Amino acid sequence: MKNFLVIGVGSFGYHLVKYLWEQDCETLVVDKDESKLESILSYATSAKIADCTNSDVLASFDVESFDACFVCVDSDFVAALEITCLLKDLGAKLIYSCADHDIQARLLSRNGADHIIYPEKDIARRMALNVSKDGLFDSFELSDDYFVFEIAVRPEWSGKNLRELDFRKRYSLNVLAVKENDIVSPINSPDHVFSENSHILVMGTEESVAKVTD
């Protein structure tokens, strides 16, 4: 069972702890505001009222023992930067820090963050992609350039397989799975035949998927 330290119970921190609980993970949640911790007690393994910009306080949590530490401090970037730096100094294995802007992200990365989370930016980008393209139903980001997209099977693909369509070469997209009746099944053979009413999960760039969804 994995164990995580989550510092800060704003909107993102709350949902992170809840979803980690659903994945049977253990969490220690820390915030200066007792009222925020009360809302998360049902999902956290333990919770503490503390100021994590204090190095002695943070050291008392044995940060090296956690699989990852999340810095989810809302509206106080200086505190988030200090906590990220202290976690690194204390030997945290993996640090995820939240940022609102690219400048914040660069500063956090330079001071110990292994991964940057853009809660609002990521949601806004995903929503913009989903609503702006016909035939695009969902997406999530793998990196700055690559996404996994859920798209509809186009009429001209129906009844044909990946080999016939030469799909990867023609569209610069890798087909990962098919989704039918909300059931996702991996596609492991180039002989898979597309059905018009199904969806497929593909990996590629925004530019590539735009050619098959506009």
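## Report on a predicted single-chain model

The chain has a radius of gyration of 21 Å, whereas a compact globule of 214 residues would have one near 17 Å; the radius is taken over C-alpha atoms, and the globule rule is 2.2 Å times the number of residues to the power 0.38. The structure is a predicted model, in which local features need pLDDT of at least 70 and side-chain atom pairs count only at pLDDT 80 or more, while totals for chains, interfaces and linings use all residues. Residues are numbered from 1 along each chain as its sequence is written, and side-chain values use heavy atoms, with hydrogens and water left out.

**Overall form**

Along its principal axes, the C-alpha trace spans about 65 × 35 × 30 Å. The chain holds nine helices and 11 strands, which are DSSP runs numbered from the N terminus (helices: H or I, at least four residues; strands: E, at least two). Of the 214 residues, 40% are buried; buried means under 20% relative accessible area, exposed over 50%, and partly exposed in between, with a 1.4 Å probe and protein chains only. Contacts (heavy atoms within 4.5 Å) between residues at least 6 apart in sequence join residues at least 24 apart in 54% of cases.

**Two residues and their surroundings**

A68 belongs to strand β4 (residues 68-71). This residue counts as buried because its relative accessible area is 3%. Beyond residues up to four places away in sequence, A68 touches N3, F4, L5, L94 and Y96. The C-alpha atoms of A68 and L201 are separated by 29 Å, the two residues being 133 residues apart along the chain.

H192 lies in the loop between β10 (183-186) and β11 (199-204) and is partly exposed at 23% relative accessibility. Leaving aside neighbours within four places in sequence, H192 contacts K160, N161, L162, V178 and I187. Between the C-alpha atoms of H192 and V29, 163 residues apart along the chain, the separation is 46 Å.

**Salt bridges**

A salt bridge is a side-chain nitrogen of Lys or Arg within 4 Å of a carboxyl oxygen of Asp or Glu. The count by this rule is five; the table includes three of them.

| Pair | N to O distance |
|---|---|
| K179 and E150 | 3.3 Å |
| E156 and R154 | 2.7 Å |
| R163 and D191 | 2.9 Å |

In the bridge between K179 and E150, distant parts of the chain are linked: K179 is in strand β9 (residues 174-180) and E150 in strand β8 (residues 147-152), 29 residues apart. E150 is buried, with a relative accessible area of 9%, while K179 is partly exposed at 22%.

The bridge between R163 and D191 also links distant parts of the chain, from helix α7 (residues 162-165) to the loop between β10 and β11, 28 residues apart. R163 is exposed at 53% relative accessibility, and D191 is partly exposed at 44%. Both E156, at 38%, and R154, at 25%, are partly exposed.

**Aromatic groups**

The whole structure contains 10 aromatic pairs, meaning rings of Phe, Tyr and Trp (its six-membered ring) whose centres lie within 6.5 Å. W157, F167, Y171 and F194 form one aromatic cluster.

How values were computed: Rings of Phe, Tyr and Trp (its six-membered ring) pair if their centres lie within 6.5 Å; planes under 30 degrees apart count as stacked, over 60 as edge-to-face and the rest as tilted.
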